[in-house]
Amino acid sequence: MNQHSPMDARPSSGDDSHADTTRDLVQLCLLPGLGPRTLASLLDAFGSARAILNAGKANLSQVHGVGPKLAHVIETAADHVDIEDVFAWCAAHDVDIRRRGETSYLPSLLDLDDAPPIMFCRGHLLPRDSVSVAIVGTRHATAYGLQQTRRIAMDLARAGVTIVSGLARGVDTAAHRGALEADGRTIAVLGGGLGKIYPAENAPLADEIAQSGAVLSEYSPQAQPRGGMFPQRNRIIAALGQATLVIEAPNRSGSLITARLASEMGRTVGALPGQVNSRASQGCHHLIRDGATLVQHAEDVLELLGPLSAPVSESTATEDETPIRDAREMALNEIERQVLAAVGTTGTALDEVTHHSGLPASRVNAIVSILEMKRFVRRLSGQYVSRI
C-alpha cells in the first residue's frame, strides 16, 4: 500500500476542514471545461476551492477565461463530478491524491505557472526521482529510433536516473521498457485518466511501471483521453525531467512542444541525430541547429544534467550513502566513486586519498588520472588533487 491513501483525503463526518478542502479541490479540478490556466486564475482570485465553488456566477464571470457557461458549470459542480465515485475508485485501485503544497507533491512541478493543484498517482515516488530525464519522441518511431531509445534509457536507468515519459506508442514505450529492463525507475504521465489507459495495449506496461515507479495524471480517473489533453500533459513531463531528450521527432511533433516548455523552464534539452533525409529526425536536427545538445550516449545526457541543485544521497540511486553533486558521477564505477569521495574541493593530498579509499597508491594514481580526464578532478601539484 502507498503511504498516502486516497481515503485519507475523503471528508469525514466531523469538522475536518483539511479533508473538506481536499474534497472541494478535487471536485473543482475535475470540472469539465476548466483548464489549468483558468483554474490557476480562479485560485489566485478567490484563494480556495471552496470559495470558488461558493462564489456565484456574477463573481466568477469577473475572472479572465470564465464565461457564462463555465460559471454555470462551477456553480452546479455537484451535478458534473461524482466525488464519492472518484474517491471509491482511487481506494479500489490504490491511487493517491497528491495536493500542491503537501510534502507528497512533486516539487519540480512547482516550476509551472499552472502547476496542477492535484495529481492522481498510482505507484510510488522516491527522493531519488529528483534525478530524472524526460525522454520523448514520435509515436511512429523507426527501428533505429526504438533501438537508440531503449539503449540510452537502459544506460541511464542503470546509472540511477529516473526516466520520465508519456506512455505513448513508439519512443515513449521504448523509454519506459528500457528503464524497466534495467531494473530502474520510470514515471509515466498520462493524457487521460488512470482508469482509461491510452493506448489500450499499454495497460500491462502501466501496471509494470506502477510496481517500480509511478503513473501520474491530473485528470479524473475515468477521463477519456482527447487531443487537447496531450499538449497539456507535455508540460508536466517537461517539468518532471531535469533534462529533456528528444529522440526522433518530425517538424510538427508534440515532442518539440515538450522541448520548448523544458527550455522555457530553464531545463537543458538534448536531441539524438538521425539520417539527414529521415523525416522522423527533422525536428531533432532543427533542435540541434538551434542550440540543443547533440546526444549519442547516456554519458552525454548525464552531462546535460550537470551539477545538481542539491546533493543527492547515493542511497537514492544505489546502495551507498556518498552524496552525488554532479549527475555525471552516476556513470562512474564503484571504485571511481570511492576515490572521488575521498577528494575535497580545496585540495587533498594523494596520501590522504589513498588512506580514505583503502586502495593501493598505484591504483589511486591511475584512477585519479581517469577522473582528471573525465573532468571530475584537477591536480594542484604532484601530490595534491581537488574536485572541479
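Predicted model: local features only at pLDDT ≥ 70, side-chain atom pairs only at ≥ 80, totals over all residues.
The partner is Phe-230, and the two rings are tilted, with 6.0 Å from centre to centre and 55° between the planes. The pair joins distant parts of the chain, as Tyr-198 belongs to the loop between β5 (186-189) and α9 (203-211) while Phe-230 belongs to helix α10, 32 residues apart. Phe-230 has a relative accessible area of 15% and therefore counts as buried.

Each ring of the pair also has an arginine over its face. For Phe-230 this is Arg-139, at 5.4 Å from the ring centre. For Tyr-198 it is Arg-169, placed 5.8 Å from the ring centre.

The backbone at Tyr-198 deserves attention as well. The peptide bond that joins Tyr-198 to Pro-199 is cis, with omega of about -5°. Pro-199 is found in the loop between β5 and α9. Most peptide bonds are trans, and most residues other than glycine have a negative phi.

Asp-94 is not a glycine, yet its phi is positive, at about 55°. It lies in the loop between α6 and β1 (95-99), and with a relative accessible area of 25% Asp-94 is partly exposed. Asp-183 likewise has a positive phi, of about 60°, without being a glycine. Its place is the loop between α8 and β5, and a relative accessibility of 74% means that Asp-183 counts as exposed.

Helix α10 covers residues 229-240, 12 residues in total, and extends 17 Å from its first C-alpha to its last, close to the expected 16 Å. How much of α10 is buried? Of its 12 residues, 10 are buried, so the helix is largely enclosed by the rest of the structure. The buried set includes Met-229 and Phe-230, the arginines Arg-233 and Arg-235, and Asn-234. Also buried are Ile-236, Ile-237, Ala-238, Ala-239 and Leu-240.

A pair of helices shows how such elements pack. Helix α7 (residues 143-158) meets helix α8 (residues 171-181) at an angle of about 35°, and their axes are 7 Å apart. The crossing of α7 past α8 is right-handed. On the α7 side the contact is made by Leu-146, Thr-149, Arg-150, Ala-153, Met-154 and Ala-157. On the α8 side it is made by Val-171, Ala-174, Ala-175, Gly-178, Ala-179 and Glu-181.

Which residues is Ile-83 in contact with, leaving aside its neighbours within four places in sequence? They are Arg-23, Val-26 and Gln-27. Arg-23 is 60 residues away from Ile-83 in sequence, while the C-alpha atoms of the two are 7.4 Å apart in space.

Exposed residues can also be followed to partners elsewhere in the chain. Arg-279 is found in the loop between β8 (268-272) and α12 (282-289), and a relative accessible area of 65% makes it exposed. Not counting residues up to four places away in sequence, Arg-279 touches Ala-249 and Pro-250. His-355, in helix α15 (residues 350-357), is exposed at 64% relative accessibility. From His-355 to Ala-342 the C-alpha distance is 8.8 Å, and the two are 13 residues apart in sequence.

These local views belong to a chain with 16 helices and 14 strands. Of its 388 residues, 55% count as buried. Among contacts with a separation of 6 or more, 68% are between residues 24 or more positions apart.

Conventions. Residues numbered from 1 in each chain as written. Heavy atoms only, no water. Helix = DSSP H or I, 4+ residues; strand = E, 2+ residues; numbered from the N terminus. Expected span 1.5 Å × (residues − 1). Buried < 20%, exposed > 50% of the residue type's maximum accessible area, 1.4 Å probe, protein only. Contact = heavy atoms within 4.5 Å. Phe/Tyr/Trp six-rings, centres within 6.5 Å; stacked < 30°, edge-to-face > 60°. Lys NZ or Arg CZ within 6 Å of the ring centre and 35° of its normal. Axes fitted to C-alpha atoms, helices over the stretch in contact; angles between N-to-C directions. Left-handed = near helix turned anticlockwise from the far one by under 90°.
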